[in-house]
Amino acid sequence: MKVYTKKAIWLFSIFLLISSFILQAGDKIDPILWKKALKLHDEAIVIDTHSDTPMALLAEEMDMGKKNNKGEVDFIRMKEGGLDAMFWAAFVSNSNDEKQPSRVALDLIDEIYQQVDRNPNLARIALSPTDIYEIHKEGKRAILIGMENGSPIENSLRFLRDFYRLGVRYITLTHNSNNAICDSSTADKPKWNGLSPFGIEMVKEMNRIGMIVDISHVSDKTFWDVIQLSRAPVMASHSCVRAICDVPRNMTDEMIRALAQKGGVIQINFYSSFLDSQYNKKFEETRKALEPEINKLRETYKNDRSAVWREMSKLFKEKGPSAPPIETLIDHIDHVVKLVGVDYVGLGSDFDGAGSFPIGLEDVSGYPLITYHLLKRGYKEADIKKILGGNFLRVFNSVIQVSKEMTSAK
Ligand SMILES: [Zn+2]
């Protein structure tokens with residue numbers, strides 16, 4: 001009874017919160033559908049496979065156990081948004097390659113553990129699908145560790161295994177430029193024509209130890225190399241559909257078909273520039289116009305990348321294009337479902353790492369809106385649960401299964 005009362009209060013407060021977002025967006029809420037959405041959202045295991053929160057935490061003193069207005073993520077707002085599990089990515093930029101990328105990753109991973117240790121009543125580290133189910137039952141937030149950019153592996157399969165032992169469960173093979181593992185989708189020209197010789201060994205070892213291979217950010221050729229090589233299903237932890245928004249970071253229909261055929265999943269990114277080509281075009285125009293101001297920021301904050309990032313976000317919020325409606329995000333989900341079925345799509349926000357998100361989805365408290373809009377579009381409840389987290393859990397389980405088969409085979 002006590003639990004029910006708490007839940008009722010939670011549902012009511014989230015109702016107020018989201019209603020205000022919807023009113024801002026100029027849309028009208030259907031109260032009956034909204035109630036249905038909240039119930040379904042509460043029952044579902046909602047999983048987000050990508051945020052850059054650790055980077056923000058390392059740059060600034062924050063307690064994830066308190067609501068903070070500096071970033072888009074904290075345990076309190078995760079609960080408000082009914083977000084049960086989230087991958088926090090230890091993101092290391094390729095520009096850190098010259099220094100010690102493994103050390104940067106270790107610092108970030110330590111920060112994740114510290115935040116969770118500080119808030120044992122609110123969150124727990126999850127290492128497996130079983131952990132996610134258990135933590136969900138406890139009513140806490142499950143925090144999982146991802147690694148964005150494999151540069152901290154520093155060409156060592158020993159490092160790869162060590163990071164797995166520390167709790168890392170997926171690695172995004174590269175970031176915005178080529179690294180020692182593979183080519184990036186946003187590099188000027190390829191270095192390896194796909195996976196490097198070390199990259200090939202690394203993907204094999206990832207399969208063997210049960211580390212999820214994340215193909216977000218990689219070049220198309222790298223994607224095809226991975227699809228051919230990987231024995232386990234692979235994931236795009238935060239990518240969108242290129243047929244809707246034509247940027248190299250997004251996946252073509254052919255790639256989505258191949259990903260699905262392998263049993264993988266594309267987790268849709270919430271970043272406005274990857275969702276909406278009109279927004280992206282205007283954003284690039286604004287970026288060009290703001291170049292002198294951005295250069296000034298770089299000069300002022302020198303090596304403090306996160307300060308530059310924070311100030312740039314402010315600048316773009318003020319002078320950049322307005323964010324797309326949430327329906328644009330639903331269009332991407334819908335496209336994947338129409339192309340390959342409902343079993344291969346999920347959510348990977350890119351919160352604390354992107355800057356602009358659809359209206360109403362500015363932070364982790366907005367997730368129930370996705371459920372609402374999927375219902376509105378006629379999706380069945382069981383299918384919505386798959387999109388919210390079930391599909392990712394299947395991939396996670398399957399990667400573990402492949403690892404078991406490979407390690408038991410003599
Ligand atoms: Zn990214």
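Colleague: Which residues is leucine 157 in contact with, leaving aside its neighbours within four places in sequence?

Modeller: This is a predicted model, where local features need pLDDT of at least 70, side-chain atom pairs count only at pLDDT 80 or more, and totals for chains, interfaces and linings use all residues. Residues are numbered from 1 along each chain as its sequence is written. Two residues are in contact if their C-beta atoms, placed from the backbone, lie within 7 Å. With neighbours within four places in sequence set aside, leucine 157 is in contact with Glu201, Met202 and Glu205.

Colleague: At what angle do the axes of H7 and H8 cross?

Modeller: Helices (H or I, at least four residues) and strands (E, at least two) are DSSP runs, numbered from the N terminus. Leucine 157 lies in H7, residues 157–165, and Leu157, Leu160, Arg161 and Tyr164 in H7 meet Glu201, Met202, Glu205 and Ile209 in H8. Axes are lines fitted to C-alpha atoms, for helices over the stretch in contact, and angles run from 0 to 180 degrees between N-to-C directions. The axes of H7 and H8 (residues 197–209) come within 10 Å and cross at roughly 30 degrees.

Colleague: How does H13 run relative to H14, roughly parallel or roughly antiparallel?

Modeller: The axes of H13 (residues 291–301) and H14 (residues 305–319) come within 9 Å and cross at roughly 150 degrees. Angles under 35 degrees count as roughly parallel, over 145 as roughly antiparallel, 65 to 115 as roughly perpendicular and the rest as oblique. The crossing therefore makes H13 and H14 roughly antiparallel.

Colleague: Which residue in E2 stands opposite aspartate 48?

Modeller: Strand E1 (residues 47–51) is mostly covered, with five of its five residues buried. Two strands pair if DSSP finds at least two bridges between them, and three bridges join E1 to E2 (residues 85–91), which run parallel. Opposite aspartate 48 stands methionine 86.

Colleague: Which residues does alanine 90 touch, not counting those up to four places away in sequence?

Modeller: Ala90 is among the residues with the most contacts inside the largest nonpolar core. Not counting residues up to four places away in sequence, alanine 90 touches Pro54, Ala105, Leu108, Ile109, Ile145, Met147 and Glu148.

Key
Core = buried A, V, L, I, M, F, W, Y, C linked by C-beta atoms within 7 Å. Buried ≥ 20, exposed ≤ 12 C-beta atoms within 10 Å, placed from the backbone.
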